[in-house]
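Work through the exercises below with the sequence and model open. Try each task before reading its solution.

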Amino acid sequence: MAASQGENLREACCIGDFDAVSSMVANGVDVNSQNSINGWTALHWTVHRGHCRVASLLIASGADQAITNSKGQTASDLAKHSDIRKVLGCEADADDTAQQPNASAALPFKPNYIAHPQMVYVAPKKSMQPSVTSCQQGKQSTISLSSSAGNGQIPAPSVATRAPVQGQSKVPGLLVKARVADSAEEDFVEVDVPSHTFDDLLRVCAEELEVDAARVAKVRRLPNVVVRKDRDVDRLTDGCELELVMKIRLHGT
């Protein structure tokens with residue numbers, strides 16, 4: 001039960017759900033619980049994702065900033081931006097300006113909103129003059145719209161938005177739970193995938209689970225859906241559970 005509660009807390013911290021985190025902390029969930037495989041705490045995930053308000057709540061609730069994950073990293077080691085470093089009481093780095101969230105050069109990929117900016121145009125102004133004709137002797141009144149251009153057409157909306165390109169993600173980054181299929185270790189590892197591509201998904205999951213990506217036969221979304229390409233990854237949601245199915249190693253190979 002405690003392990004499940006800790007996992008739920010870390011997931012809420014990762015996505016920045018302040019209300020959910022506040023409720024779980026108030027109900028006594030251990031803010032310093034660590035994932036059994038990668039050693040990440042709720043504060044690790046909060047700082048990594050830059051949620052300042054949630055980080056302040058965790059620290060005020062007793063989160064230990066000195067706890068290290070399986071790679072020896074404290075939460076402050078994962079702090080990328082000045083705002084979250086101030087919450088932790090760390091001094092801002094001299095080059096921190098280059099790491100601000102709106103600096104596209106610092107990102108390992110190009111977000112969709114930068115690669116395909118919204119197209120905006122303003123339609124020519126046309127005055128719409130309603131003309132009202134009233135008929136006597138109980139006949140219905142008629143109302144018509146006339147355009148100053150004289151063509152009787154209603155002007156186009158002032159702003160047009162481009163529809164998202166099919167297969168592209170609106171939000172960069174994805175949080176999944178992963179484990180090796182048919183392994184003695186049944187717990188999942190929380191994995192932060194930087195983009196919605198199959199190559200990144202396979203690479204990061206293999207690194208976190210400490211397996212050779214070349215030996216992965218397939219990626220399975222539980223209970224029984226195979227993930228094979230970028231479009232499949234784009235359909236995944238935060239918190240989904242994945243398994244890496246390994247190739248059978250033959251004797252002498």
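This is a predicted model: local features need pLDDT of at least 70, side-chain atom pairs count only at pLDDT 80 or more; totals for chains, interfaces and linings use all residues.

Residues are numbered from 1 along each chain as its sequence is written, and side-chain values use heavy atoms, with hydrogens and water left out.

**Exercise 1. Overview and confidence**

Task: State the mean pLDDT of the protein, then find stretches where pLDDT stays under 50.

Solution. 
- Start with the score: pLDDT is the predictor's confidence in each residue, from 0 to 100.
- The protein has a mean pLDDT of 76, and 65% of its residues reach 70 or more.
- Over residues 94-109 pLDDT stays under 50. The model has 17 contacts beyond four places in sequence for residues 94-109, a contact being heavy atoms within 4.5 Å.
- Residues 156-170 also stay under 50. For residues 156-170 the model has 26 such contacts.
- Now the make-up: the protein comes to 8 helices and 7 strands. Helices (H or I, at least four residues) and strands (E, at least two) are DSSP runs, numbered from the N terminus.
- Of the 253 residues, 34% count as buried. Buried means under 20% relative accessible area, exposed over 50%, and partly exposed in between (1.4 Å probe, protein chains only).

**Exercise 2. The largest nonpolar core**

Task: Identify the residues with the most contacts inside the largest nonpolar core, and the elements that give two or more residues to it.

Solution. 
- Apply the definition: a nonpolar core is a set of buried Ala, Val, Leu, Ile, Met, Phe, Trp, Tyr and Cys residues joined through side-chain atoms within 4.5 Å.
- The largest one has 26 residues. Leu9, Cys13, Val21, Leu43, Val47 and Leu58 have the most contacts inside it.
- Two or more residues each come from helix H1 (2-15), helix H2 (18-26), helix H3 (42-49), helix H4 (52-60) and helix H5 (82-88).
- Zoom in on Leu58. Leaving out residues up to four places away in sequence, Leu58 touches Cys13, Val21, Val25, Val31, Ala42, Leu43, Thr46 and Ala63.

**Exercise 3. Helix packing**

Task: How do the axes of H2 and H4 cross, and which residues meet?

Solution. 
- The two axes come within 10 Å and cross at roughly 10 degrees. Axes are lines fitted to C-alpha atoms, for helices over the stretch in contact, and angles run from 0 to 180 degrees between N-to-C directions.
- So H2 is roughly parallel to H4. Angles under 35 degrees count as roughly parallel, over 145 as roughly antiparallel, 65 to 115 as roughly perpendicular and the rest as oblique.
- From H2, Phe18, Val21, Ser22 and Val25 meet Arg53, Val54, Leu57 and Leu58 of H4.
- Turn to H3, where 7 of 8 residues are buried. They are Ala42, Leu43, His44, Trp45, Thr46, Val47 and His48.
- The cover over them includes H1, H4, H5, E3 and E4.
- Gly50 follows H3 and has a positive phi, near 75 degrees.

**Exercise 4. The sheet**

Task: Give the strand order of the open sheet of 5 strands, then follow the pairing of E7.

Solution. 
- The order is E4-E3-E7-E5-E6, with mixed pairing. Two strands pair if DSSP finds at least two bridges between them.
- Strand E4 (189-193) and strand E6 (225-227) are the edges, each pairing on one side only.
- On average, neighbouring strands are turned by 40 degrees against each other, direction ignored.
- E7 (residues 241-246) has 5 of its 6 residues buried.
- E3 (residues 174-180) runs parallel to E7, joined by 4 bridges. Lys177 has Glu241 as its bridge partner in E7.
- E5 (residues 216-221) runs antiparallel to E7, joined by 5 bridges. Arg220 partners Glu243 there.
- E3 and E4 run antiparallel, with 5 bridges. Leu174 stands opposite Val193 in E4.

**Exercise 5. Helices on the sheet**

Task: Which helix packs on the sheet by touching E3, E4, E5, E6 and E7, and is Arg203 buried, partly exposed or exposed?

Solution. 
- The helix is H7 (residues 198-209), whose direction makes about 145 degrees with that of E4.
- H1 lies across E3 and E4, running at about 145 degrees to E3.
- Arg203 sits in H7. Its relative accessible area is 36%, so Arg203 is partly exposed.
- The C-alpha atoms of Arg203 and Ala213 are separated by 6.3 Å, with the two residues 10 apart along the chain.
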